[in-house]
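Please open the model in your viewer and keep the selection panel at hand.

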Amino acid sequence: MGSKYTKRYAEEFKRDAIALVDSSGKTVTAVARELGISSESLRGWYRRAKADRGEGEPGELTGAEREELKRLRKEVREQQQTIEILKRATAFFVKENDR
């Protein structure tokens, strides 16, 4: 999804930038310009922070829900791999019994 050149920001910096948007009354774009960061990055952080506070759009996931979804998708992927291995093993043993 992101470029290998994507800059990583500390969580504290993100929280401070979000707080600055909330407290200053300035737009996300204006605050981003002052901080020298991408307005799209700050907009994303701000949107996620609002969702985590219960102020997001209807149906928008909170951070905890995003983490759970990520964990569940990984679990499903692992279970699908296990099922595929068991199918192959079953086919192998059926073939061996036919000999």
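**The helix packing**

H1 and H3 are roughly perpendicular to each other, a class that covers angles of 65 to 115 degrees, with under 35 counted as roughly parallel, over 145 as roughly antiparallel and the rest as oblique. Select residues 11-24 for helix H1 and residues 39-52 for helix H3: the two pack at an angle of about 80°, and their axes are 10 Å apart. Helices here are DSSP runs (H or I, at least four residues), numbered from the N terminus. Axes are lines fitted to C-alpha atoms over the stretch in contact, and angles between N-to-C directions run from 0 to 180 degrees.

The model is predicted, with pLDDT of at least 70 required for local features and pLDDT 80 or more for side-chain atom pairs, whereas totals for chains, interfaces and linings use all residues. Residues are numbered from 1 along each chain as its sequence is written, and side-chain values use heavy atoms, with hydrogens and water left out.

Next, display the side chains between H1 and H3. On H1 the contact (heavy atoms within 4.5 Å) is made by Phe13, Lys14, Ala17, Ile18, Val21 and Asp22, and on H3 by Leu42, Trp45, Tyr46 and Ala49.

**From H1 to H2**

The contact joins Phe13, Ala17, Leu20, Val21 and Ser24 of H1 to Val28, Val31 and Leu35 of H2.

Keep Leu35 of H2 selected. Leu35 counts as partly exposed because its relative accessibility is 31%; the class lies between buried (under 20% relative accessible area) and exposed (over 50%), for a 1.4 Å probe and protein chains only. Apart from residues up to four places away in sequence, Leu35 touches Phe13, Ala17 and Leu20.

**The nonpolar core**

Finally, select Ala17, Ile18, Val21, Val28, Val31, Ala32, Ile37, Leu42, Trp45, Tyr46 and Ala49, the 11 residues of the largest nonpolar core. Such a core is a set of buried Ala, Val, Leu, Ile, Met, Phe, Trp, Tyr and Cys residues joined through side-chain atoms within 4.5 Å. H1, H2 and H3 each supply at least two of its residues, and H3 gives the most, with four. Centre on Val21: beyond its neighbours within four places in sequence, Val21 is in contact with Lys26, Val28, Val31, Leu42 and Tyr46.
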